[in-house]
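Student: Please take me through the reading of this structure, feature by feature.
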Amino acid sequence: TIPVGEEIREFHARQNRRKFFIFTGIVLSLLAIVFGLTLVERKMAEKKKLGNQAIHVGAEGAPVNSIDAQLATLRVSLLLSDLTGMQQGIADLESKIDSLKSTPDANRMQAYVNLAKAIMRKEFLVDSAGAITTLNDLRLASVSDPRVQLEIDNLLAIYKLDSEPEESVKLLKKVVESLPNDQTVRFNLGMALLASGQTEIAAEEFKNLLSKFEPGDRLVPRVKIAMARLNDKGAEENLLEALNQDPYLAEAQILLALVHWKSGRRVKAEAFIRRFIDSLPTYRDSLYVKNFRLAESELVYNSIRTEVRTLLARIAQPDDLLLSLDGMLSLLVGEYKGAEQAFDRALQTTPGSIYALKGMAYLRLREGREFEIEGLIKSKTEQNRESFAFNILLAQSFFKQGKFSEANQLYKNLVEADPKLSLGFSLAGEIDRQQDRADLALQNFQKALELNPNDVTALRGLSQLGRGDRVNALLLQSLIPF
């Protein structure tokens, strides 16, 4: 069967190192593109857009300086991956909570603040152990709101998904009893069942979940991928359906490549391997609003890498495509030295290999060495104008060097190659915003959000231009646990 996410030896020893590079190489690269407002400018813009918007926490029409409005500001910072905003928001709320002393409001808000701290530690400060400790302490505290207690358990379960899957199952079963119609929680339970090896029960959970979705629901492709991992029989159909809804899903691409390879359809397998490498796995996800309540297994690419290496061991002289695939998977699990060696070997096998060069440039991006990317891939990018990887990676290098016109041309290449891809518009809009072309920036951001309402670059850009209505709408979507 397609790998189900077995525990990989030494994975957890490498986990913090891998996440550190992901944080510094991707999140900081994105934040380098979006310089953001100064703290004063940010507060002024957020006060303007959030003055009457604390609707999610039950304070509609609250004054700008109310505790509920401050909480809404913190929630916006989380949605926009604004680490500085998160830290300031937590500090502001804790100062306000101190003035409330031991009131029900103080208890409720302190629980929200601790949930925010756990998310920040796990997702942005590379401190999974600290996040779990925060949640465990919060469980022991007296939380007056039962819904908050359920969110604590859900978050704790998804943070333990890979290290303690059986414990995750226990926690999520209790949450599902209280929230039977919460599709995110039910998906998390299915993922925990899958990780714990309870495959038949997991398959039934995912099957039931699919029957309740509306067409086009964002969770459908993830459920289809999970079902493909559970059962070879319908794997190809499930993966194709996932890609039909979201053509850029890297995990679906590589799993489908394995399905074709095992069936002897090497040409089709290689086509999906090319798509997988060009998609820059995990990078695109970092540019979209994250659902912080949703489980994501970190062992998936370890399992796939094990499978791929088993296949490679049977080939006497693997070509540059397969060697580059090995390098990309090594990169994704945090083995950067192994990734570089695989890319080097691919380039020795096929000098100028576009697959190896994409992988090497992506590695440089993840390492925060964007200045080296131009020399690696500039000539290849000119020859491959439709490549997502070449255009995005070289544009990052140009942007870092202040070559905005060159970067903008590459974003135009993305739009020409795929008019349905929001990133070409949102990143071009960010260049316009940086150069004080507000009208053009606004047009690009709005076009990006027409294509993808969760494009975080466009949402952040609109917020910085004083158009926070799109961001406020996200507050209603239950993407964070408070």
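Student: Which residues of helix 7 meet which residues in helix 8?

Tutor: Contact here means heavy atoms within 4.5 Å. Leu 150, Asp 153, Asn 154, Leu 156 and Ala 157 of helix 7 meet Ser 168, Leu 171, Leu 172, Val 175 and Ser 178 of helix 8. Before going on, note that the model is predicted: local features need pLDDT of at least 70, side-chain atom pairs count only at pLDDT 80 or more, and totals for chains, interfaces and linings use all residues. Residues are numbered from 1 along each chain as its sequence is written, and side-chain values use heavy atoms, with hydrogens and water left out.

Student: How many helices and strands are there in the protein?

Tutor: Helices (H or I, at least four residues) and strands (E, at least two) are DSSP runs, numbered from the N terminus. The protein has 26 helices and zero strands.

Student: At what angle do helix 7 and helix 8 pack?

Tutor: Axes are lines fitted to C-alpha atoms, for helices over the stretch in contact, and angles run from 0 to 180 degrees between N-to-C directions. Helix 7 and helix 8 (residues 165-178) pack at about 150°, and their axes are 9 Å apart. The crossing is left-handed, a term used if the near helix is turned anticlockwise from the far one by less than a right angle, with right-handed used if clockwise. By class, this contact of helix 7 with helix 8 has six nonpolar, three polar and one charged residues. For the classes, Ala, Val, Leu, Ile, Met, Phe, Trp, Tyr, Cys and Pro count as nonpolar, Asp, Glu, Lys and Arg as charged, and the others, Gly among them, as polar.

Student: How do helix 6 and helix 7 cross?

Tutor: The axes of helix 6 (residues 128-140) and helix 7 (residues 146-159) come within 10 Å and cross at roughly 150°. Angles under 35 degrees count as roughly parallel, over 145 as roughly antiparallel, 65 to 115 as roughly perpendicular and the rest as oblique. Helix 6 and helix 7 are therefore roughly antiparallel. Residues making the contact include Ala 131, Ile 132 and Leu 135 of helix 6 and Gln 149, Ile 152 and Asp 153 of helix 7. The residues of this contact divide into eight nonpolar, two polar and two charged.

Student: Are helix 13 and helix 16 roughly parallel or roughly antiparallel?

Tutor: Helix 13 (residues 250-262) and helix 16 (residues 300-312) pack at about 25°, with axes 11 Å apart. That makes the two helices roughly parallel. Helix 13 passes helix 16 in a left-handed crossing. Among the residues in contact are Ile 254, Leu 255 and Trp 261 of helix 13 and Val 300, Ile 304 and Leu 311 of helix 16. Counted by class, the contact of helix 13 with helix 16 has 10 nonpolar, no polar and three charged residues.

Student: Which residues touch the most other members of the largest nonpolar core?

Tutor: In soluble globular proteins, nonpolar side chains tend to be buried together. Buried means under 20% relative accessible area, exposed over 50%, partly exposed in between (1.4 Å probe, protein chains only). A nonpolar core is a set of buried Ala, Val, Leu, Ile, Met, Phe, Trp, Tyr and Cys residues joined through side-chain atoms within 4.5 Å. In the largest one, of 81 residues, Leu 78, Phe 206 and Phe 482 touch the most other members. Helix 5 (residues 104-123) contributes the largest share of this core, 10 residues. Apart from this core lies another, of 70 residues, including Leu 243 and Leu 249. Over the protein, buried residues make up 57% of the 482 residues.

Student: What is phi of Val 126, and what of Leu 280?

Tutor: Most residues other than glycine have a negative phi. Phi of Val 126 is near 55°, a positive value, and phi of Leu 280 is near 50°, also positive. Val 126 lies in the loop between helix 5 and helix 6 and counts as buried at 16% relative accessibility. Leu 280 lies in the loop between helix 14 (266-278) and helix 15 (283-286) and is buried, with a relative accessible area of 0%.

Student: Which residues does Leu 393 touch?

Tutor: Leaving out residues up to four places away in sequence, Leu 393 touches Leu 280, Lys 358, Ala 361, Tyr 362, Leu 365, Ile 373 and Ile 377. Leu 393 is in helix 21 (residues 388-400) and is buried, at a relative accessible area of 0%.
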